[in-house]
Amino acid sequence: MKVLVVSDVHANIAALNTILEKEADYDILCCAGDYTDYGIYPTEVIERFRSLKNTHLVYGNHDLHVINTYESKEWKNVEDGKYKWVHYNCEQLNDQGIRWLKQLPETAYFEADGWKYGIAHQYDSGYGTIESRYAFDKYWAEHYGTDNTGNRRLIFGHTHRQCIHILGDGMEWLNPGSASYRRPDDPDKTAHYATITDGEIRLKQIPYDRKPQFEKAKEFISTDKMMRTEIQDFMFFFGDAKTSREPLE
């Protein structure tokens, strides 16, 4: 069996489609949240996930932020210089898209190839990670029940950092990384994800067309509507800027 693991797509339909085309033979797809924000195609990403079969999906913190911003209607009257990608996402979305985000659960569970899997966007309220078998068992009991027998894996997103963390035999957690962008200390510009085939995890990266997101950022440079830091992030993530704070031309 092949499990495709993605996370933190962030309204980046080009990255998502590239991954899905490459791994079209998957049996199960799971996503650890953040379908929206910091990208330009939230509706297209949501519609693509809605069209997929055999999925296990959870929401992320940016999805909650988009929901709250949309329902507050604050995105309709944003001053120039304070406009963010979350406001742009709200403009692209509609009530149907927001309803889809709201029906996503905080956690999900499935089994495959002798492993039990628990999915959540993040381990704690920040960027913490599970560093001990005690913490792993405690988290599992709180979210997936007290049965701690057999092989168990936790899948998290949020940090945008790919990893496989082995705490002991049959006790692991993994992060597929972000399908969309890296943290500022990582210059890699590919889409990150993971596959689990017959129980074997592989962390993967694949190039994709970053130009649409880059071009949208360039459009906002000339208007002075978007917050400069938001545009600088895009110039780094999707363009050729060496850092996320490189001055804009």
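Predicted model: local features only at pLDDT ≥ 70, side-chain atom pairs only at ≥ 80, totals over all residues.

Modeller: Here is the tour, starting with the cysteines and moving on to loops, a strand and a surface patch.

Residues are numbered from 1 along each chain as its sequence is written, and side-chain values use heavy atoms, with hydrogens and water left out.

Now the cysteines. A disulfide is a covalent bond between the sulfur atoms of two cysteines. Counting one here takes a pair of cysteine sulfur atoms within 2.5 Å, and searching the whole structure turns up zero disulfides. C30 is in none, and its nearest cysteine sulfur, belonging to C31, sits 7.9 Å away. Seen from C31, the closest cysteine sulfur is the one in C30, and 7.9 Å is too far for a bond. C30 is buried, at a relative accessible area of 0% (buried means under 20%, exposed over 50%, partly exposed in between, with a 1.4 Å probe and protein chains only). C31 is buried as well, at 0%.

Most residues other than glycine have a negative phi. D34 isn't a glycine, yet its phi is positive, at about 60 degrees. You'll find D34 in the loop between β2 (28-31) and α2 (42-51); helices (H or I, at least four residues) and strands (E, at least two) are DSSP runs, numbered from the N terminus. Despite being in a loop, D34 is buried, with 1% relative accessible area. H160 also has a positive phi, near 65 degrees, without being a glycine. Its loop runs between β6 (151-155) and β7 (163-168), and H160 counts as buried at 4%.

Over in strand β10 there's K204, a lysine that is buried at 17% relative accessible area.

Last stop, the surface. D27, D113, D198 and E200 form a negative patch. Patch members have over 30% relative accessible area and no salt bridge, and like charges are joined within 9 Å; a salt bridge would be a side-chain nitrogen of Lys or Arg within 4 Å of a carboxyl oxygen of Asp or Glu. D198 lies in the loop between β9 (191-197) and β10 (200-206), and D198 is exposed, at 56%.

Key. Patch = residues over 30% accessible without salt bridge, like charges linked within 9 Å, V, L, I, M, F, W, Y side chains within 5 Å. Areas by Shrake-Rupley, 256 points an atom, 1.4 Å probe, with all protein chains shown as cover. Lys, Arg positive; Asp, Glu negative; His and termini not counted. Charge placed at Lys NZ, Arg CZ, Asp CG, Glu CD.
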